[in-house]
Amino acid sequence: MSGCGSSQVENQYPTYSSAISSFGEAELTNSFFADGLCVAPDENVGLEYVDSQVAEGAGVFNLDQKKVTYSQNIYERLYPASTTKILTAYIIIKNCNLNDYVTVSEEAVNQTSDSSVCGLNAGDVVSVTDLLYGLMLASGNDAAIVLAEYYSGSVEAFSDVMNQEVAALGCTGSHFVNPNGLPDEDHYTTIYDMYLIFQEAIQYETFVDIIHATSYNALYTDKAGKSVKKTWNNTNRYINGAKEMPQGITVIGGKTGTTGAAGYCLVLYSTNESGEQLVSIVFKADGVSNLYLLMSQILKEFGNL
């Protein structure tokens with residue numbers, strides 16, 4: 001490593017319920033799932049209490065009780081859009097010196113006009129910390145490429161690292177081909193796999209600090225050595241104040257994601273009235289309003305059980 005020293009995919013996920021028929025629940029829980037993880041059968045739970053029809057998949061995971069309290073197609077393979085950047089940030093925070101500086105390449109800034117970027121230019125020299133904020137708050141596809149090149153030398157090599165990492169986390173329904181979540185038929189995950197990735201990422205205080213920030217002031221230099229100042233604002237509407245938090249829930253942070261193929265996606269880290277930690281996920285909502293509608297509903301109805 002050079003840096004650190006169809007809109008719906010067929011489900012082939014090996015499910016909990018199918019394994020029960022062969023092994024029995026007690027043996028399965030002890031033998032096939034790591035201690036401390038939420039485990040659920042491959043069945044939907046709670047859909048009748050919320051407007052579940054506005055999204056393809058969703059889940060609420062109580063990390064302290066180790067329970068899945070809401071389950072909607074959590075093992076179905078779906079496109080994750082920019083929630084992919086959770087995995088990118090996790091790999092960098094876990095393995096890298098965040099005080100390193102990186103030079104932005106031409107490839108990294110070669111984005112389409114409608115791409116979500118944090119406004120980097122080729123030749124900019126930016127710290128890894130600043131790049132992580134640009135990645136997670138502004139959802140910079142350019143920052144994602146810079147970080148991938150920094151860590152592995154190329155997007156392709158970094159994608160290999162991503163797939164090795166998720167395999168180690170037990171994600172059997174995922175495959176990644178880029179660090180930013182731009183559409184590709186071979187780039188997919190599941191609600192359950194994203195829970196596995198995200199709950200691992202929030203073990204790092206730096207990651208939580210980043211997703212909790214309302215905004216961030218970056219300071220770096222351009223290719224001529226001149227100082228550049230940028231302010232990146234959090235796209236999470238619960239954090240930036242555009243959306244009221246669900247009753248009884250404190251949203252700490254998360255990551256948004258949107259593409260035509262993926263729909264509207266949101267991954268959140270919250271606490272409930274008892275101080276228990278929650279991960280909640282909505283994928284492929286049919287609009288931004290319905291994305292937050294369903295997220296608020298599942299947290300209100302299933303976050304304090």
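This is a predicted model: local features need pLDDT of at least 70, side-chain atom pairs count only at pLDDT 80 or more; totals for chains, interfaces and linings use all residues.
User: How many helices and strands does the protein have?
Analyst: Helices (H or I, at least four residues) and strands (E, at least two) are DSSP runs, numbered from the N terminus. On that basis the protein has nine strands and 11 helices.

User: What percentage of the residues is buried?
Analyst: A residue is buried under 20% relative accessible area, exposed over 50%, and partly exposed in between (1.4 Å probe, protein chains only). The protein has 305 residues, and the buried share of them is 56%.

User: How much accessible surface does the protein have, and what percentage belongs to carbon and sulfur atoms?
Analyst: Accessible areas come from the Shrake-Rupley method with a 1.4 Å probe, and for residues only the protein chains shown count as cover. The accessible surface comes to about 12700 Å², and the part belonging to carbon and sulfur atoms is 44%.

User: Which residues have the most contacts inside the largest nonpolar core?
Analyst: A nonpolar core is a set of buried Ala, Val, Leu, Ile, Met, Phe, Trp, Tyr and Cys residues joined through side-chain atoms within 4.5 Å. In soluble globular proteins, nonpolar side chains tend to be buried together. The largest core here has 79 residues, and those with the most contacts inside it are Phe-61, Ile-92, Leu-120, Leu-132, Tyr-195 and Phe-207.

User: How many residues does the second, separate core have?
Analyst: This second core includes Ala-55, Leu-278, Val-282 and Tyr-292. Its number of residues is 22.

User: Which residues is Tyr-195 in contact with, leaving aside its neighbours within four places in sequence?
Analyst: Contact means heavy atoms within 4.5 Å. With those neighbours within four places in sequence left aside, the partners of Tyr-195 are Gly-36, Leu-37, Cys-38, Phe-61, Leu-63, Val-279 and Ile-281.

User: Why is helix α3 largely enclosed by the rest of the structure, and which of its residues are buried?
Analyst: Helix α3 covers residues 85-95, and it is largely enclosed because nine of its 11 residues are buried. The buried residues of α3 are Lys-85, Ile-86, Leu-87, Thr-88, Ala-89, Tyr-90, Ile-91, Ile-92 and Ile-93.

User: How far apart in space are Phe-158 and Thr-88?
Analyst: Phe-158 is found in helix α7 (residues 155-168) and is buried, with a relative accessible area of 0%. Its contacts beyond four places in sequence include Thr-88, Ile-91 and Ile-92. Although Phe-158 and Thr-88 are 70 residues apart in sequence, their C-alpha to C-alpha distance is 8.9 Å.

User: Is Asn-73 buried, partly exposed or exposed?
Analyst: Asn-73 lies in the loop between β2 (67-72) and α3. Its phi is positive, about 55°, although Asn-73 is not a glycine. Because its relative accessible area is 24%, Asn-73 is partly exposed.

User: Is Ala-81 buried or exposed?
Analyst: Ala-81 is found in the loop between β2 and α3, and has a positive phi of about 50° although it is not a glycine. Its relative accessibility is 0%, so Ala-81 counts as buried.

User: Which residues of helix α5 are buried?
Analyst: Helix α5 (residues 128-136) is largely enclosed by the rest of the structure, because eight of its nine residues are buried. These are Val-128, Asp-130, Leu-131, Leu-132, Tyr-133, Gly-134, Leu-135 and Met-136.

User: Which residues is Ser-127 in contact with, leaving aside its neighbours within four places in sequence?
Analyst: Ser-127 belongs to strand β4 (residues 125-127) and is buried, with a relative accessible area of 7%. Once neighbours within four places in sequence are left aside, its partners are Leu-98, Asp-100 and Tyr-101.

User: What distance separates the C-alpha atoms of Gln-203 and Tyr-90?
Analyst: Gln-203 lies in the loop between α8 (191-201) and α9 (205-212), and at 52% relative accessibility it counts as exposed. Gln-203 and Tyr-90 are 113 residues apart along the chain, and their C-alpha atoms are separated by 9.7 Å.

Note on methods
Residues are numbered from 1 along each chain as its sequence is written. Side-chain values use heavy atoms; hydrogens and water are left out.
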